[in-house]
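Dear colleague,

I am passing on a structure that I would like you to look through, and below it you will find what came out of it. Please keep it open beside you as you read.

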2 protein chains.
Amino acid sequence: MEPDTAARIAEWRRQVESALDAALPADPAHPGHRVVEAARYSLLGGGKRIRPLLLLLSVEVLGRDPADAMPFAAALEMIHTYSLIHDDLPCMDDDSLRRGRPTCHVAFGEATAVLAGDTLLNRAAEILLAACCREEGPFSVQARLRASVSILAASGVDGMIGGQALDLEGGERILSEPEIESLHRMKTGALLRAPLAAAVLLADAAGPRADALLRLGETLGLAFQVQDDILDAVATADALGKTPGKDQVRGKSTYVTRLGLETARARLAGLSADIRTILAACGDGSDASGTCLSALVGYILDRRS
Amino acid sequence: MEPDTAARIAEWRRQVESALDAALPADPAHPGHRVVEAARYSLLGGGKRIRPLLLLLSVEVLGRDPADAMPFAAALEMIHTYSLIHDDLPCMDDDSLRRGRPTCHVAFGEATAVLAGDTLLNRAAEILLAACCREEGPFSVQARLRASVSILAASGVDGMIGGQALDLEGGERILSEPEIESLHRMKTGALLRAPLAAAVLLADAAGPRADALLRLGETLGLAFQVQDDILDAVATADALGKTPGKDQVRGKSTYVTRLGLETARARLAGLSADIRTILAACGDGSDASGTCLSALVGYILDRRS
């Protein structure tokens with residue numbers, strides 16, 4: 001990645017962190033302080049901020065100011081974080097390690113972790129509504145409302161939660177390959193398509209560039225999950241920041257456990273090639289915004305955790 | 001209650017049930033079917049529908065058509081239901097009985113119950129946003145947005161979730177009377193004030209009648225909780241539909257465990273008298289809408305479960 005591009009992405013990441021910090025401020029005098037503390041522990045615990053960055057850089061590719069889209073980016077990351085907290089619970093995936101630290105329920109207890117997740121989802125919805133409430137703004141009220149609806153549709157039972165439900169079933173029986181694809185399309189894919197779709201809706205964009213961004217969301221969502229399955233199989237806990245090898249141990253149906261490591265790797269290579277083709281259609285290759293988005297996608301596809 | 005009034009309230013309750021049924025339809029072919037089934041089990045399992053009815057009848061008192069406020073009423077009840085599901089979890093209150101039936105996690109398992117709660121909160125937010133998206137409507141877009149914001153503020157960490165957090169702490173140490181009041185004001189009170197506040201915001205109402213409705217929300221929220229504490233102490237499981245006597249067993253700080261049953265009863269009588277005074281200011285006593293709201297409040301104060 002070019003130093004300029006890396007610096008731009010780092011600066012947007014810093015602004016996302018700052019928006020997240022402000023979205024749920026700590027106040028030791030607040031009656032719900034411990035729950036807020038638990039939510040902040042997970043929210044500000046060093047995520048890669050892939051989803052908010054995808055949204056911001058896509059908005060830029062569409063010729064709009066990413067700063068105006070910050071509430072939507074923050075809400076997406078809060079929803080992603082709440083899903084991790086609930087997913088890590090003993091009754092769900094029972095994980096004790098996340099981003100290299102004890103999971104929320106290990107650090108704060110199960111009851112507080114349940115409420116911390118609830119708090120993040122509730123606050124995300126509040127932030128979306130507050131963004132729609134502002135009388136003036138670079139995006140129309142209807143565009144903001146449509147983007148908010150698309151984000152919550154992605155996180156609901158037709159998206160992420162539906163995928164988690166299918167994942168629970170996958171712990172009980174062997175899923176078919178189409179079922180695995182449907183699981184991933186919902187569980188991980190929905191929240192990776194959402195930033196691209198929200199950017200297009202906010203900018204009220206149409207045409208080849210908007211279409212390419214939507215296709216990028218589809219393909220990247222799938223690639224991300226194949227890669228997750230591969231990392232679970234081959235990475236160390238140290239590199240991954242969470243417990244590896246769980247899929248195999250639990251007999252979970254993943255691309256790797258069902259198709260084998262080599263087939264999964266070939267699948268990922270094919271998807272990465274598709275993504276490069278799509279990225280070329282997202283911009284004319286000469287503008288800095290297109291370069292940033294391509295660099296971010298490259299970073300996502302190269303990730304080791 | 002007059003038969004006419006009872007029939008009107010029953011008809012609105014039926015319409016709430018029907019809106020809730022439509023809000024989260026069952027589809028056995030859906031990948032998240034089991035989670036939806038669990039959410040519907042709790043959502044359509046025979047609640048009193050106090051919160052949605054308070055909203056609808058207050059809208060009517062303000063001279064508007066309650067039918068137009070149905071999405072907001074449905075969202076409130078979905079939020080209330082999700083909070084019960086999560087509150088009943090083994091890591092929270094560990095309850096096996098609710099509304100006379102096994103709790104959600106007993107019937108569907110803990111993981112599915114966590115996701116069912118998440119689904120209801122997510123869908124409630126979606127319903128609020130969808131109601132704001134409609135281009136035309138009897139309430140202005142800004143009024144609908146403000147009502148939605150007030151509902152989600154009531155269910156968040158400054159309201160209901162904050163109260164639940166304080167409740168968790170109350171399991172570990174003795175709370176002072178002001179802390180108990182603050183706990184109840186947030187945990188139960190916030191979602192009982194919300195329907196009154198949302199009605200006022202939707203109708204964009206101001207003046208003595210609007211003020212009286214807001215005061216009614218405040219006072220009713222407090223009365224409701226004192227009554228809950230009394231019922232926990234004196235009712236049978238059969239009448240209550242949930243496990244009674246838990247507060248005492250767990251050493252929880254409630255009005256009854258801290259002030260004694262007689263003081264709590266005196267407190268409730270005082271609040272009920274205040275409520276009758278406030279109700280007189282909500283209408284001129286001659287209109288059917290005021291009669292309905294008064295009857296509903298009377299029903300709430302007379303409840304045995």
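Predicted model: local features only at pLDDT ≥ 70, side-chain atom pairs only at ≥ 80, totals over all residues.

In helix H15 of chain B, the residues Cys292(B), Leu293(B), Ser294(B), Leu296(B) and Val297(B) are buried, where buried stands for 20 or more other C-beta atoms within 10 Å of the residue's own, exposed for 12 or fewer, and partly exposed for what lies in between, with C-beta atoms placed from the backbone. Helices here are DSSP runs of H or I with at least four residues, numbered from the N terminus. The cover over the buried residues of H15(B) includes helix H1 (3-23), helix H3 (50-61), helix H10 (208-234) and helix H14 (261-282) of chain B.

Residues are numbered from 1 along each chain as its sequence is written, and chains are lettered from A and ligands numbered from 1 in the order in which they are written.

Turning to chain A, helix H3(A) is mostly covered, with 12 of its 12 residues buried, and the elements that cover them include helix H4 (70-88) and helix H11 (208-234) of chain A. After H3(A) comes Gly63(A), whose phi is positive, near 80 degrees.

Helix H9 of chain B, residues 177-202, has 26 residues that should span 38 Å at 1.5 Å a residue, and its end C-alpha atoms are 35 Å apart, which agrees. This helix, H9(B), bends by about 60 degrees at Gly189(B), the bend being the angle between axes fitted to the seven residues ending there and the seven starting there. Of the 26 residues of H9(B), 21 are buried, and Asp204(B), which follows the helix, has a positive phi near 50 degrees. In the loop between helix H8 (160-170) and H9 of chain B you will find Glu172(B), which is exposed, with 8 other C-beta atoms within 10 Å.

How do the two chains relate to each other? Chain A can be laid on chain B with an RMSD of 0.0 Å by a turn of 180 degrees and a shift of 0.0 Å along the axis, the copies being superposed by least squares on the C-alpha atoms of residues with pLDDT of at least 70 in both. The two copies are therefore related as by a two-fold rotation axis, and in chain A the C-alpha nearest that axis belongs to Ala125(A), 3.2 Å from it.

The contact between them takes 43 residues from chain A and 43 residues from chain B, where two residues are in contact if their C-beta atoms, placed from the backbone, lie within 7 Å. On the side of chain A that touches chain B, the largest share, 16 residues, comes from H6(A). Since 100% of the interface residues of chain A are also interface residues in chain B, the copies meet through the same surface.

With best wishes

How values were computed: Helix = DSSP H or I, 4+ residues; strand = E, 2+ residues; numbered from the N terminus. Expected span 1.5 Å × (residues − 1).
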